[in-house]
Amino acid sequence: MTDNIDQLRGELLAAVSAAQDAAAIEDVRVGALGKKGQITGLMATLGKMAPDERKAFGQRLNVLKDEIAAALDGRKREFESAALNARLASEHMDVTLPIRPEAKGTLHPITQTMDEVAAIFGQMGFEVADGPDIEDDFHNFTALNFPPGHPAREMHDTFFLPPGEDGNRYLLRTHTSPVQIRTMMTQKPPIRVIIPGRTYRCDYDMTHTPMFHQVELLVIDTETNMSHLRGCLQEFVRTYFGVDDLTTRFRPSFFPFTEPSAEMDIGCSRKGGELKIGNHGDWLEILGCGMVHPNVLRACGLDPDVYQGFAAGMGIERIAMLKYGIPDLRTFFESDLRWLRHYGFAALDIPSITGGLTR
Amino acid sequence: MKFTLSWLKEHLDTNASVDEISAKLTSTGLEVENLVNPAAGLVSFIVAHIAEAAQHPNADRLRVCTVETGTETLQVVCGAPNARAGLKVVLARPGVTIPATGDVLKKGAIRGVESQGMLCSLSELKLPGDSAGIIELPADAPVGVTVTQVLSLDPIIEINLTPNRVDALGVRGIARDLAAAGLGKLKPIKDSAVTGTFDSARKIKMRLAADDTKLCPQFVGRTIRGVKNTESPAWLKERLNAIGLRPVSAIVDITQYLTIDLGRPLHAFDDAKLNGDVGPRLALPSESLAALNGEAYTLDPTMVVIADDSAALGIAGIMGGEPSSVTEATTTVFLESALFDPMNIASTGRKLLINSDARYAFERGVDPESAITGAEVATRMIQDICGGEASHLVEGGAAPAWKREIAFNPARVKSLGGVDLPSADIKAILERLGFVVAGNGDDWKVTPPSWRADVEGWQDLVEEVLRIHGYDNIPPTPLPRAPMPKVMLTAGQRQSAFTRRSLAARGLNETTTWSFLPGAQADLFRGDLPVVALANPISSDLDVLRPSLIPNLAAAAGRNAARGMNDCALFEVGPRFEGPKPGQQTLIAAALRSGHTNARHWAGARRPVDALDAKADALAALEAAGAPVSSLQAWTGANNGVPAWYHPGRSGVLKLGNQVLAAFGELHPGVLTSLDVKGPMVACEVFLERITPSKKKAGSARPLLKASNFQPVERDFAFVVDSGVTAEALLRAVRNADKDLITDVGLFDVYVGAHVGEGKKSLAVSVTLQPKDATLTDEQIDAVAKKIIAAVEKACGGVLRS
């Protein structure tokens, strides 16, 4: 019996080696391990053997079966591998080809800047308020302490709508400040809001467009004073421009709706005609601000001897131009695809304080 | 407001440098807009002497000058008519930069004669004054020294005056502020009364009704006879020149000077040209007046004029009249010093479009105590320069009551201003500014000076203290804040923010376009909305508020196409205007695509944009905005609210129930032609405010996921339907055939052609059946198939394609 097994092993291994393709291997497998295969046939004889003999023979037969199965597998893998190699050798793609077109959308710098401003003030507990573009004289001027006929009104170059049937002469808001009035008239202090939005003035040249955007700040409570105003704005400009120790300068100024009023400058350099934000000895005016005027508080039904707070306003395009080096205000509104793609921001570039304000 | 350093020092005793003064001005709220120090660019220019001036051999108008500098002798060709031997001149040698041009002077030849330098005029050095020829220096000027030692080079300071600070309209007021801020001492003013020697024959007559006296509460005059109205002395001309005013004659110059020096406008009439008494009255209807600027003005009875018994002489507080003006022949002047109502002056100035220094001062409010002192100072100056004999003052009206007391608690400087300052310092600052402080403790009574009409309440006093103390001494304190910030955006604000970023993620470029547009374009996109026109548009192209965002986007795509970028995908989120009143606007997300979906490419053909691209944008925006997209139904046709600016056969609306949440489609070719842009263009408008963001009912938890363990089965069906049947109707019928089992229906083929016959089309759908409890049997699948076929037949008359 031993000879039989050894002989069979020799024959089968020779057949495996001789097989030249997957079909031939399959034939060998069926001939050895199939239902009517030689090894299967020998297995069938085990039942008739004496127990001792069965055990010994069975063990040797199993060894042979495993050995042949392994040899078959090995040979089969060789073919598969050769087939794969042949396929790979025949397949080729020029991966230097340009990819299929994918449109890359962008967000307008005004949107991104507003989101950045909101992210910073959100950290300080502000909410966002908004109001209508068409305003009445009361909210845009009178309640903000511009008396009728006052020269300061003239400086606003207001767009008017024709007088309406109700006798009111509506206008396009010249600043976002009317939303201060709307907020104070509908909310109880403490108030902390920022008000971003479209604003309009009848002026169009190198540095003015008839429509532009502002963001307004309003804080009303019983304690907030000019020291907080300065601290809040200093934190803002340092975070927004990403200059941790950016110096600020406060100058007395005048706005009808604040008292005391101030303008804030930030450090910069203008060497070689290039503007750079930072502590370089020169100053750049960045925003106007002040403590809310008692007449404004009164117009909103708040007692100026009890409530106080500050307001500030700045141009969105202006701070965007400064931060991102955009040279011309008018280009913000031209919808030039080249400009939108160049100065725009990726959809997922969402500003946050913890995740990074600017990529 | 412009003045020179020496002028300032007339009122301020200080050793501070011009830079220190400039910094202090800005820090007290008188922002220095421009500081011109003419000496800065002139140190290389030297005093020279023309030893000889010979005719140029080749040019009639040129002279060849031999110029001595003390150390060398140069040959300079000069074209000035006044270049002559013996003159002391300003010499520029090669290498220096000429201030007027910024060019570096080079050695050269002029008409064949070598010139080794240049003799300079005032304008070449950017200095004010007469530049008809070269500068003629005094004969005793030392040759060879730098010209900054011999020219009067007064730094010119220009401040940007805020409208509240009338007190700083005069150089004296500026000096007062600087003195209060510790930068020197205010010099006393020579304002003692001039002793009149006779009674003026001309009296003041206040011709205003009692109700109108506030328009001119006080009018002071004086006759000065025997004057000689010559040219002004050099110092006076220099000062006026320096700040850009043109010297005229001594008397005119004195009134110009005092307007700037004291912020006190005055006027002088030629007494010989007056008739009877002088004073204010309202202008007569259509009264006309020839003003000093050479223009004739037609006045109306809201305006105040200065008049004598026969005619209006000048526009009160704004500009004098030509016929009564002083000339060099004038020997008797009648001086006017009056007070006018700021609002009235502002209104008159606006109506007549006259800008003058007098208007600027009066409309902001001149010191109510200054009428008499102004007249006295002017009289003294006139007598000093022009001689003459002054009458006693003649007066009409009186200075209005201006004194008021403000209750002030000095602790407010800390509580509002945020600065801890001792009461004594607060008091000292206020007193240095001319405020009178009474009371003590926390109960002060502060009386502002006459020149500070702008100071009304205690908040203004805090500002005065802070600005003199220095705003930069306000310590910055961060706003106190909660340990964890709250959500700052409302649901609506988050909705629009998410919509923007979702559209950008789809490859669209966000833009920002005007809220206005040409009226003719607005008309194409108006629908039922009213015209909202501007009364004073910036141009006829921007005269109407937009009823839709699409025309601006289409125009933008057109401009880009003109630059060769034909494939645009733009969007904007912004207001459309639905009426002329506050609040009559709604927030729209609009997207527009033009040209092709992408550039030409190796991987396949490209296709023009179509209505379904716009529908996809609309659906993406709707989904981002939180609309229940699976419940929306698409409808077509004007009767379903599809706007007329879309192609009638290639457009639709997306509705939730009866409400249109979005419109989309190809833009109407006729509309594109009217807009003068090339199509095709497709667009959508999403009405963000009509979308109610879904409310979180039970917190942020999502419903439990029910994922089946059993294999889903996919079956395909092709139905032949009438070509008018919409895909959506068929899909809805299939989906509703068995809501439990059918989890997905896809439309994978649309066929129109001979195989299905005229007026028909074939729609092939793939239906996914998802069993939940056990694998589907063939019988169950057949049963569902039958339900689907029946449902399609019932809903759309569809027949299974064999």
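Two residues are in contact if their C-beta atoms, placed from the backbone, lie within 7 Å. Among contacts in chain B between residues at least 6 apart in sequence, 70% join residues at least 24 apart.

This is a predicted model, in which local features need pLDDT of at least 70 and side-chain atom pairs count only at pLDDT 80 or more, while totals for chains, interfaces and linings use all residues. Residues are numbered from 1 along each chain as its sequence is written, and chains are lettered from A, with ligands numbered from 1, in the order in which they are written.

**Chain B as a whole**

Select chain B, which holds 18 helices and 39 strands; these are DSSP runs numbered from the N terminus, with helices (H or I) of at least four residues and strands (E) of at least two. The radius of gyration of chain B, taken over C-alpha atoms, is 42 Å, well over the 28 Å that the globule rule (2.2 Å times the number of residues to the power 0.38) gives for 802 residues, so the chain is more spread out than a compact globule. Along the principal axes, its C-alpha atoms fill a box of roughly 130 × 80 × 60 Å.

**Domains**

Next, colour chain B by its domain assignment, whose bounds come from an automatic or database source. Among the domains are domain 2 (39-149) and domain 5 (491-599 + 606-690). Select these two: the C-alpha centres of domain 2 and domain 5 of chain B lie 69 Å apart.

Now select residues 304-307 of chain B, which form strand β18. V304(B) and I306(B) point one way and V305(B) and A307(B) the other, and all are buried, meaning that 20 or more other C-beta atoms lie within 10 Å of a residue's own, with C-beta atoms placed from the backbone.

I306(B) stands opposite G314(B) in β19(B), and a hairpin through 4 residues joins β18(B) to β19(B).

**The contact with chain A**

Finally, show both chains. The contact takes 79 residues from chain B and 68 residues from chain A. Elements giving two or more residues to the chain B side include α2 (18-27), α12 (491-505) and β30 (568-577) of chain B.

How values were computed: A residue is buried if 20 or more other C-beta atoms lie within 10 Å of its own, exposed if 12 or fewer, and partly exposed in between; C-beta atoms are placed from the backbone. Two strands pair if DSSP finds at least two bridges between them.
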